[in-house]
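Here is a briefing on one chain. Look over the sequence and the structure first, then read the notes grouped by topic.

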Amino acid sequence: MKFNKENLLLYAVTDRSWLNGKTVAEQVTEALEGGATFIQLREKELGYDEFLAEAIEIKAICKKYNVPFVINDNIDIAIACDADGVHVGQSDMEAGEIRKKLGPDKIIGVSTHTVEEAKRAQERGADYLGVGAPFSTSTKADADTLSFGLMSDICAAVDIPVVAIGGINAGNMTKLKGIGFDGVALVSAIFAADDIKAACEKLLAISKETFSVKPEIKKVLTIAGSDCSGGAGIQADIKTITAHKLYAMSAITALTAQNTTGVYGIMEATPEFVANQLDCIFSDIRPDAVKIGMVSNSKIIEVIVDKLKEYKAENIVVDPVMVATSGSKLISDEASEALIAKLLPLGTVITPNIPEAEVLCGFEIKNTDDMIKAAEKISTMVDGAILIKGGHLVSTATDLLYKDGEVSWFSAERIDNPNTHGTGCTLSSAIASNLAKGYSLKESIANAKAYLTGALKTQLNLGKVSGPLEHTYWIK
């Protein structure tokens, strides 16, 4: 049987839970009449002889409709009935071992849940991958749902076709558009239907519309000042977003003359020009996430707030740049008041460091217990999550995420590297990039910290004092 990615458009997985007086073969026939493009026979209860007899019968039906037919997990049955192939889980058998048993011309599908598993399956001879579950499913109670960001990264990491499986139906299938899937595997959406043929006709039409769309590049907007030396601000943000293989856009709030030795001049944009930039961006190429860095003017803050509300911006990461590492204030009291009262409440997450969190909570933070108390206090000022970065504490580099009363800790190894210019900008723009890709907030923070750790580990050494990071280290 010749196999290609079009065979995955409507991948039907049998389940005798919904036979309703019919045989599995009768149900499969109805599914094929309705346009099912792939059949996977899954049997967990039948003995060998019954399973083999059923497999031989269904293989003949699939051959009549020229549709690939694979057996779930049971390689012996697949060989005995001369099925077109098998679909296995990660723990059932390595793809390379299956290939030795089945031969070079059979189809091998492998269930995967991480980028590493997907790459390994492809390297060892898998012809396609099953990835999920994107939605909660009753057919596999132990299946954890995967974020859209992770599923997108899995699809992008391999060259073989990928089918989504888990909790998918006619009502939610279109949510998978643009992720990179080649089709959808369905169980109850097909075989629990009163009219299986009609259900397949409808599902196939939705599948063709959904998976004919090429994977879309996500867009991230950074609103911040320019660092002419390239280590922080807009430049660091754009490098970070690009390293995440996303499309970067910028609204510049100020030009700065600076390098690793200090800041030697600032020229602020007018509020009207900032508004003009934001109108141009949102009215044409709408961002999937927004990162906001240093804004030192209350009028500019008000413009940003108005425009984010007007365009109903999503996935907003606010890095409240208020205090330098030395403890010096970076913005006026007036701008601080506008930032706290108007901009921070719009954030999906805000990312203060310890000195900034101290300004927001009004007391000194000496340890992790103080971080929790500070987050609790700051939560009364904002609606979103709070990520207090612990890098300024001597004892730990652990960050605290506080959201709706829940405390989560994120730890990473402390890298001995004096060149840390732009780490705050980099982390916040990496979080925004992951949110844009569809990762959850916790996943986005964990991924961003891993990216920042890698950028520090390269030990880039530029400039006379605290130099910049190597933002592009993971681009191959």
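**A buried aspartate without a salt bridge**

Asp-227 is buried but has no salt bridge, and Lys-239, the nearest side chain of opposite charge, is 7.9 Å away. Buried means under 20% relative accessible area, exposed over 50% and partly exposed in between (1.4 Å probe, protein chains only). A salt bridge is a side-chain nitrogen of Lys or Arg within 4 Å of a carboxyl oxygen of Asp or Glu. For charge, Lys and Arg count as positive and Asp and Glu as negative, while His and the chain ends are not counted.

This is a predicted model: local features need pLDDT of at least 70, side-chain atom pairs count only at pLDDT 80 or more, and totals for chains, interfaces and linings use all residues. Residues are numbered from 1 along each chain as its sequence is written, and side-chain values use heavy atoms, with hydrogens and water left out.

**Around Asp-227**

- Asp-227 sits in strand 9. Helices (H or I, at least four residues) and strands (E, at least two) are DSSP runs, numbered from the N terminus.
- The Asp-227 side chain reaches the backbone nitrogen of Ala-232 at 2.8 Å.
- Asp-227 also makes a side-chain to side-chain polar contact with His-421 (3.1 Å). A polar contact is a pair of N or O atoms within 3.5 Å; within protein, one must be able to donate a hydrogen and the other to accept it, and residues adjacent in sequence count only if both atoms are side-chain atoms.
- Leaving aside neighbours within four places in sequence, Asp-227 is in contact with residues including Gly-233, Gln-235, Thr-256 and Gln-258. Contact means heavy atoms within 4.5 Å.

**The whole chain**

- The chain holds 16 helices and 17 strands.
- Of its 476 residues, 54% count as buried.
- Its C-alpha atoms fill a box of roughly 80 × 45 × 40 Å, taken along the principal axes.
- Among contacts between residues at least 6 apart in sequence, 66% join residues at least 24 apart.

- Nine strands form an open sheet with mixed pairing, in the order 11-10-9-12-13-14-15-16-17. Strands 11 (262-268) and 17 (406-410) stand at the edges with a single partner strand each, so one side of each has no neighbour in the sheet.
- Two strands pair if DSSP finds at least two bridges between them.
- Strand 9 (residues 219-227) runs parallel to strand 12, joined by four bridges. Here Ile-223 stands opposite Ile-292.
- Strand 12 also pairs with strand 13 (residues 316-318), parallel, over three bridges. Lys-291 faces Val-317 across this pair.
- In strand 12 (residues 289-292), Ala-289 and Lys-291 point one way, Val-290 and Ile-292 the other, and all are buried.
- Strand 12, helix 11 (residues 298-310) and strand 13 make a right-handed β-α-β unit. Right-handed means that, with the strands pointing away from the viewer, the path from the first strand over the helix to the second runs clockwise.
- Strand 16 (residues 399-403) pairs antiparallel with strand 17 over five bridges.

**Backbone exceptions**

- Most residues other than glycine have a negative phi, and most peptide bonds are trans.
- The peptide bond from Gly-132 to Ala-133 is cis, with omega near 15°.
- Lys-245 has a positive phi, near 65°. Lys-245 is exposed, at 69% relative accessible area.
- Asn-315 has a positive phi, near 50°. Asn-315 lies in the loop between helix 11 and strand 13 and is partly exposed, at 23%.
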